[in-house]
Structures are given as structure tokens and as C-alpha cells.
Amino acid sequence: MDRFLRIALAKGRIALQAVELFENIGINCSPVREGTRRLIIRDPGSMVEFILVKPKDVAKYVELGAVDMGVVGKDMLLEQQPDLYEVLDLGIGKCRMVVAGPEKPRFFLNRAVKVVATKYPVTARNYFREKRESIQVVNLDGSVELAPLVGLSNVIVDLVETGRTLEENGLVILDEICPISARLVVNKVSLKMENERINKVLKALRQALRKAV
Amino acid sequence: MGDYRRQVPDGVADILADECAVKRETEAAVRGVFLGHGLREVCTPTFEYLDVFSTGQAVLEQEEMFKLTDPRGRLLVIRPDMTIPIARMAATNMKGEPKPHKLFYISEVFRVNGNGADGLREFTQAGVEMIGIPGVEADGECISIAVQAVKTAGVEDFRIDIGQVEFFESIIDEINISGEDKESLRHYIKHKNLVAVEEFLDKKKVNGKLKELLLLIPVLYGNAAEVLRRAGEFPLNRGAEKALEDIEKACSIINEYGYGEYISIDLGMVKELPYYTGIIFKGFTRDLGYIICSGGRYDYLQKDFGEDAPATGFAININRVVQALYKQNPQRSRRPKAFILKCSDGDRKKAIRTAQKLRAAGLYVELDMTATSMDRILTYAREKGVGRVITLQEGSRLKVTDVETGKYTITSVPGIIASYSQASSECIAGWH
């Protein structure tokens, strides 16, 4: 008996876009499109099984081998540095990781250390370490743009898609850290043990992506 | 302050009896294979000076190590690894002995931040170090020993991927880039991130055959002959060529051992530990998402301890092997040699004598002197994985009741010994 190839998708917009890609290569995932409440969706035709998890958890599932593959934002990979194979840029969920702040920097703390508010503490620390700058990180869970406005931080490190939120709150991009998009990641053991099936999916996805360009 | 009296810290765990039996059997199986290859077991101290682990090629960041201070204020660490202490031991206390040193160990090691995917902060490594052997023959032998040890422990569907760090290292030597850039490229190749590799090469204006090859490296894995053939189609420098020759030779040695079916190649396996200098390998099974053993050649580590000797070795993560065994056979372990002998006040002496005779034959006999009902003893036996209960009968006759079926036979001490002392050792029997 063959086992199902398991793919973890980050719930939300990325999942819907990823589903389109998978349907293009002949994997039926209509329940995901239709907003099912089920967390495991099987397509016996292609022997593929999708699980829907929080974006933050995708890499963990893949790294620990609970699933064979996953679709996850590059932002999560930068932050979590999981031990897995990052085999394909799916070109969806595109945005940028940036440093942003008020146009005119306001110094409100009597110290030389820059305070950085972010949902991505590891990414922020790595970026400023490369710049040889000492920082203090304030780890927030959302509405990071608020932090410089109320004097919680000097700058923020966050994802920006259109830049509208920044603009409306009087913040500007001070530096771009890197472009972000959704990646197809593969468990290190699965790639070897399920090589044939995974490669088939990879090849088909690559072809579909090339056509789309 | 929290009260942690009833808890253990993250990353460590009690090992209950059933699992402990499997773990010890696994260790015994691995030890047997190591001894069979003429390797000799050694132990090193549980803690050592920090300096041992923080010189030259040492691999672990200091924040990875549990530290203590001795009464004179010197920093000690609880061993995070065994390869380095054994290198120290060989270079100092074994200096006068003729080489090679073929050593093994089965020891607990400790990491502050947990070890990789499973996050254990204390785990058992069973490893081999061959110090003073230069050739790839020793690498081939190491891999064959690893295959046999993992197989003997009972892991199914197991495979070892072989690489050679000098393949990639020689190739990037052809590009004129900084050490930091090399590290980035190594990182991309390690994660098989073709997009990033291509971007990097374009940025560095690497073109032609070299670019083609670097883009191929992450996918140069799988069947040995096939991978070697594809890599051989490129014009390679001497270092990369030598790396392929090493792999080919190691593979042919492993084939001679009869373990060809267990190996494959991954030329995209790059140096993860800075001390590796040649063949490296990683073993895994389908049923566990992370590696269960790894190793490789480290020709310059001894230099850190003032001795010039090439070396190669590997370590098996025993905790992960046990995890794989449970996943592959979740069925509870049986204890084929275990019995409960029921007795009461009146016949205690006879019961003790009987138990002693059975124990002398290698059987495990637990005396039950509580004089409770047979039903309760059977329930207890079932819970504890004991398959049979013995009750004393007239004269030297014994009644043996099978816990599962309730059926019994009347027999004697020699009868029991004849039937059960040949049963294969505890637990492992349950895996097959």
C-alpha cells in the first residue's frame, strides 16, 4: 500500500494561491478552495494529502517529518531557520521585509541603542548584526507600525506589500532587507525516501510556473 | 518562585521500564556489532575544561554547552560531544600506543539548546572513532559498521547518504569570493535552494560550465553509479575528481560488505561541521523525519591536541533509533524470558529454590509472595508485559499459565528451561 504524500499549507491567502498551483498540475484540492473546516484534505486520485496549519507552524511540521512538504513564506524561513530543503520559489505571496520608521528619526530614549519593534526578532537581530549596530528588540505580535508612533520603538522590521499602511501612518521605508515570497520546502528524509513522487510534483510545478511567467 | 518538584526540565525525560529495556537492548546490539569489528570501548569524563571544546576546530558554540565552575573558578563544560574528548584522550593518554586507535563509546551528551529537530538536551550517542588511518578504506568500513549496527538494532527501511566535502569545497575554490560569500553559497547548497544559488552566481558573474555544475550539485543525489556518472560529465579540478574517486572506492568497499542496497550519494551534502575533511555520511529511515546517525573524516582535529593523525568516525543517536523502532513496531515489547512465580507462606522455601534454578538458566523470575488471587496476578502480569505465571504443584511439578490465553501446561524446572531459555533476548524479539 502506498502512503499519501503529505503537504502542509499555511492557512489563509497563501493556501488559496498555492491550491491554484496544485490544481494546475492535476492535484484536486477543491475542498480547500471551498473553505472547508476540515484540517486534513485527501485527494486519493493523486495520493496527495493536504493539511492546513498556521503559517508559523508549517516549517516545524516539515522539519519534524510530520509532513513531506510544505508551502511557507520566506519570512518564516528567515525567522525560524529550520533544517529542511527549500526547493522552489512559488512566486506567490510576494512582499518585502523592510526596516521602516518615521521620516525624521525621533530620539526619545537617552541611550545610543536603537529600539526595534518587530514580529521577526531573529531577522531583525541578524540584519542589524550585519550592520554592526547594537539594538534592543521589542517583540510584538501585530500592528507593528504603531510602535514608532507611540514612542515604543525607533524603527520597525516588518513585511510590506503595497506600503499603504506605512504611508497612512507617516512611516517610510528606510531599507529593504530582502524580497519575500512563498517557498516549497521539503523534509530532508522525505526528499530521499520519496524521491520519485516528490520530484514528479517539483517538475510539474516548475513547468507550470515557467508557463505562467 | 515556581515549584518544579513534580516536573523535569525541557529536553530531558525519564525513561520508563518498557522503553528503557528497548534502549538498553539497542545499545547492547550496537555494542555487539562494534566489539565484533575489533573496536574497543572507552569512556571520558562527564565534564571537562571548556578549553577542550573551544580550541581551533572545535565545533560547538559556547552557548550550546552547559557550564560549571570548579573551586578555583575555572570553566568546565558537561560534554556536548564525544569526538573531541576522544581526540584529546588519544593525543594525550594514548600517545605511546601504536596506531591506529579503533575506539567506540556509548555515552550521554548534553546540549543547552537541544539537539536539532527533536530538541533533546540529553541524549545517548553510540559512536566509533578510528584515529591514525588515512585511507578511504576506513571510511568505507565505518559506513559498513554503521549500517550493520543500525540493522542489528532492528531498524527497517534504513539508508545512508554519502558525500565528500571536498567536492563542493574544491569547486568553490575556483570562484574568487570571500569566506563569508562561500558560507552563504554553502548554506544555499545545503538547503538545495536552487533559486538562491542561481541569484548568487549571477551576482558574482559565474557563468558557463561552472555555473551549470554549481546549479546541478543540489540535485546530484540518489543512486551511486548514476550520480557519479552525471558528475563525471563535467570538467572537474583535481580536488573534485579525487572526491568522486573517494566516494566510488568507499561504495565499492560497502558493496563488498554486502550493504550496497543501503547506500546512496548526495554530492550536495556540504561541510556542516568545520572539522570534516573528506567523506561524510548521514543515515535515516523513512519513518523518522530526521537523521539517526552521521559521521565523516576529520583529518586535522588531532592537531588541536598536538598530534598529527588522520581520523574518521561516526555516531548513532540511540534515542532516535529507539524512536524509529517504536514507530515501526508500536506493539508493546514482550518479555519472553520473564515469569512470575506465585507462592505462599507454606511453600516459600520451595518457591525460592525453584526461582534460583530458573534464574541460573538465564530466565527472569519475579516472586509473588502476596498470596493474592490468580486473577489479580494475571492482570498484573499482563500490565507488566510478563507472559507466564508459574504455580507450584505436587512434588517437583510446576504449572505454567499463559497470561494471554489462560491455557496452562504442567511441566518441571528442566521443562521450562528447555522451552524458554533459548528465547531470543528481551524485547528485540518483539521487533521481528
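How many bridges join strand E16 (residues 398-402) of chain B to E17(B)? Four bridges do, and the two strands run antiparallel. One pair can be picked out: Lys399(B) has Ile410(B) as its bridge partner in E17(B). This is a predicted model.

## Chain B at a glance

Chain B has 15 helices and 17 strands. Its C-alpha atoms fill a box of roughly 90 × 55 × 50 Å along the principal axes. The chain counts 432 residues, and 41% of them are buried.

Look next at contacts in chain B between residues at least 6 apart in sequence. Of these, 70% join residues at least 24 apart.

## The five-stranded sheet

E16(B) and E17(B) belong to an open sheet of five strands. The order is E14-E13-E15-E16-E17, and the pairing is mixed. Strand E14 (364-368) and strand E17 (408-411) of chain B are at the edges. Each has a single partner strand, so one side of each lacks a neighbour in the sheet. From one strand to the next, the twist averages 25 degrees.

Two helices lie across strands of this sheet. Helix H12 (residues 348-360) of chain B lies across strand E13 (335-342), E14, strand E15 (386-392) and E16. H12(B) runs at about 165 degrees to E14(B). Helix H13 (residues 374-384) of chain B lies across E13, E14 and E15. Its angle to E15(B) is about 150 degrees.

Helix H1 (residues 17-36) and helix H4 (residues 136-153) of chain B meet elsewhere in the chain. Their axes come within 8 Å and cross at roughly 145 degrees. The crossing is right-handed.

Which residues of H1(B) meet H4(B)? They are Thr26(B), Ala29(B), Val30(B), Gly32(B), Val33(B) and Phe34(B).

## The nonpolar cores

The largest nonpolar core has 135 residues. Residues of both chains are among those with the most contacts inside it, including Val58(A), Val185(A), Ile143(B) and Val321(B). H4(B) gives the most to this core, with ten residues. A second, separate core has 19 residues, among them Val98(A), Ile135(A), Leu171(A) and Ile180(A).

Ile316(B) is also one of the residues with the most contacts inside the largest core. Set aside its neighbours within four places in sequence. Ile316(B) is then in contact with Val30(B), Gln125(B), Ala126(B), Gly127(B), Ala146(B), Ala149(B), Val150(B), Ile292(B), Cys293(B) and Val321(B).

Is helix H3(B) mostly covered or mostly open? H3(B) is mostly covered, with eight of its ten residues buried. The buried ones include Thr83(B), Ile84(B), Arg88(B) and Met89(B). The buried residues of H3(B) pack against strand E2 (47-49), helix H2 (50-53), E5, strand E6 (120-131) and strand E12 (311-317) of chain B.

A loop runs between helix H3 (83-92) and strand E5 (101-115) of chain B, and Lys95(B) lies in it. Why does Lys95(B) count as exposed? It has 12 other C-beta atoms within 10 Å, and a residue is exposed at 12 or fewer. Lys95(B) and Ala126(B) are 31 residues apart in sequence, and their C-alpha atoms are 24 Å apart in space. Pro100(B) lies in this loop too. A cis peptide bond joins Lys99(B) to Pro100(B), with omega about 0 degrees.

## Where the chains touch

How many residues of chain B are in contact with chain A? There are 16, and they are in contact with 14 residues of chain A. Strand E7 (158-164) and helix H7 (194-203) of chain B each supply at least two residues to this side of chain B. The residues on this side divide into six nonpolar, six polar and four charged.

## Two positive phi values in chain A

Met47(A) has a phi near 55 degrees, which is positive in a residue other than glycine. Its place is in the loop between strand E2 (40-43) and strand E3 (48-53) of chain A. Met47(A) is partly exposed, with 13 other C-beta atoms within 10 Å.

Ser143(A) is not a glycine either, and its phi is positive at about 45 degrees. Ser143(A) sits in the loop between strand E8 (135-139) and helix H6 (146-149) of chain A. With 13 C-beta neighbours inside 10 Å, Ser143(A) counts as partly exposed.

Methods
Residues are numbered from 1 along each chain as its sequence is written. Chains are lettered from A and ligands numbered from 1 in the order in which they are written. This is a predicted model: local features need pLDDT of at least 70, side-chain atom pairs count only at pLDDT 80 or more; totals for chains, interfaces and linings use all residues. Axes are lines fitted to C-alpha atoms, for helices over the stretch in contact, and angles run from 0 to 180 degrees between N-to-C directions. A crossing is left-handed if the near helix is turned anticlockwise from the far one by less than a right angle, and right-handed if clockwise. Two residues are in contact if their C-beta atoms, placed from the backbone, lie within 7 Å. Two strands pair if DSSP finds at least two bridges between them. Ala, Val, Leu, Ile, Met, Phe, Trp, Tyr, Cys and Pro count as nonpolar, Asp, Glu, Lys and Arg as charged, and the others, Gly among them, as polar. A residue is buried if 20 or more other C-beta atoms lie within 10 Å of its own, exposed if 12 or fewer, and partly exposed in between; C-beta atoms are placed from the backbone. A nonpolar core is a set of buried Ala, Val, Leu, Ile, Met, Phe, Trp, Tyr and Cys residues joined through C-beta atoms within 7 Å.
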